[in-house]
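Subject: Handover of a structure and the findings on it

Dear colleague,

Please find the structure below, followed by an account of what was found in it.

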Amino acid sequence: DAIPLGMATKGEDEMKKHLLFVTCQNESGDDGLAYAVDLAKTLQEGLTILVVKAKKLGQRFEDLMSAVAFAEENEHETARELAHSSEGREAHSGMVEQCRSMGIEAGMTTAHGDLVPAISTALRNSRAVDMVILSPSITRDGNVSAKELQRLVRTASRPVVTIARNQLQIA
């Protein structure tokens, strides 16, 4: 894991401000990242990526059962990817490099458990975080309820931005 920006030492007065981009472990790497990078460029700040690994046994079971189904259909590579992601292997390894290639100073950290406490802990550990950006996977699929989101906004003491993905509807 890369060292998160702004968390190196407590005595630094000249810490560079950065944005905290929060994503789920099972999200595709680019979902919302481009927006976060553009915002970081505009604000001339760094970016820390917080990957939250939820402790949802049901989701892990679903991933493993999907892997079995793909293996039965001779889709072994897909089955391996699903099985490895359910083991908690890092699915976001290229995100930091992608940010750096776009000229943004970036770091990554991971957290296990529920979303709101994970974000609160990250904010307590770094005074340099200027804004929290929630990726589309955070607000869809029931990863966070409206009540939890309101609690996060009240307790974060920083702006919280949610990224929504437009869904095309076919009539």
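The term pLDDT denotes the predictor's confidence in each residue, on a scale from 0 to 100. The model is a predicted one, in which local features require pLDDT of at least 70 and side-chain atom pairs count only at pLDDT 80 or more, whereas totals for chains, interfaces and linings use all residues. Residues are numbered from 1 along each chain as its sequence is written, and side-chain values rest on heavy atoms, with hydrogens and water left out.

Confidence

The average pLDDT of the protein is 78, and 72% of the residues score at least 70. Helices (H or I, at least four residues) and strands (E, at least two) are DSSP runs numbered from the N terminus. Confidence is highest in strand β4 (residues 129-134), at a mean of 93, and lowest in helix α3 (residues 76-86), at 70. Contact is used here for heavy atoms within 4.5 Å. Over residues 6-13 the pLDDT stays under 50, and the model has 10 contacts beyond four places in sequence for them. Residues 87-91 also stay under 50, with 11 such contacts. Where pLDDT is low, the predicted coordinates should not be read in detail.

The sheet

Two strands are taken to pair if DSSP finds at least two bridges between them. An open sheet is formed by 5 strands in the order β3-β2-β1-β4-β5, with parallel pairing. Strands β3 and β5 (160-162) stand at the edges with a single partner strand each, so one side of each has no neighbour in the sheet. From one strand to the next the twist averages 25°.

The pairings can be followed across the sheet. Strands β2 and β3 are joined by 7 bridges and run parallel; here Leu 50 stands opposite Thr 109 in β3. Another 7 bridges join β1 to β2, again in parallel, and Leu 20 is placed opposite Thr 48 in β2. Between β1 and β4, which run parallel, there are 5 bridges, and Leu 19 stands opposite Met 131 in β4. Helix α7 packs on the sheet, where it touches β4 and β5, and its direction makes about 150° with that of β5. Axes are lines fitted to C-alpha atoms, for helices over the stretch in contact, and angles between N-to-C directions run from 0 to 180 degrees.

Burial is described by relative accessible area: buried is under 20%, exposed is over 50% and partly exposed lies in between (1.4 Å probe, protein chains only). In β2, 8 of the 8 residues are buried, so this strand is largely enclosed by the rest of the structure. Gly 46, Thr 48, Leu 50 and Val 52 point one way from β2, while Leu 47, Ile 49, Val 51 and Lys 53 point the other way. In a regular strand the side chains alternate between the two faces of the sheet.

Helix α5 and its neighbours

The buried residues of α5 (residues 115-125) are Leu 115, Val 116, Ala 118, Ile 119, Ser 120, Ala 122 and Leu 123. They pack against β1, β2 (46-53), β3 (106-112), β4, α6 (136-139) and α7 (146-156).

The axes of α5 and α7 come within 10 Å and cross at roughly 10°. That makes α5 roughly parallel to α7, a description applied to angles under 35 degrees. At this meeting, Val 116, Pro 117, Ile 119, Ser 120 and Leu 123 in α5 face Glu 148, Arg 151, Leu 152, Thr 155 and Ala 156 in α7.

Loop residues

Asp 31 lies in the loop between β1 (18-24) and α1 (33-43) and is buried, with a relative accessible area of 10%. Beyond its neighbours within four places in sequence, Asp 31 is in contact with Phe 21, Ser 135, Pro 136, Ser 137, Arg 140 and Arg 165. Asp 31 and Ser 137 are 106 residues apart along the chain, yet their C-alpha atoms are separated by 7.8 Å.

Two further loop residues have a positive phi without being glycine. Gln 44, in the loop between α1 and β2, has a phi of about 55° and is exposed, at a relative accessible area of 67%. Ser 157, in the loop between α7 and β5, has a phi near 55° and is exposed as well, at 65%.

Terms used:
Angles under 35 degrees count as roughly parallel, over 145 as roughly antiparallel, 65 to 115 as roughly perpendicular and the rest as oblique.
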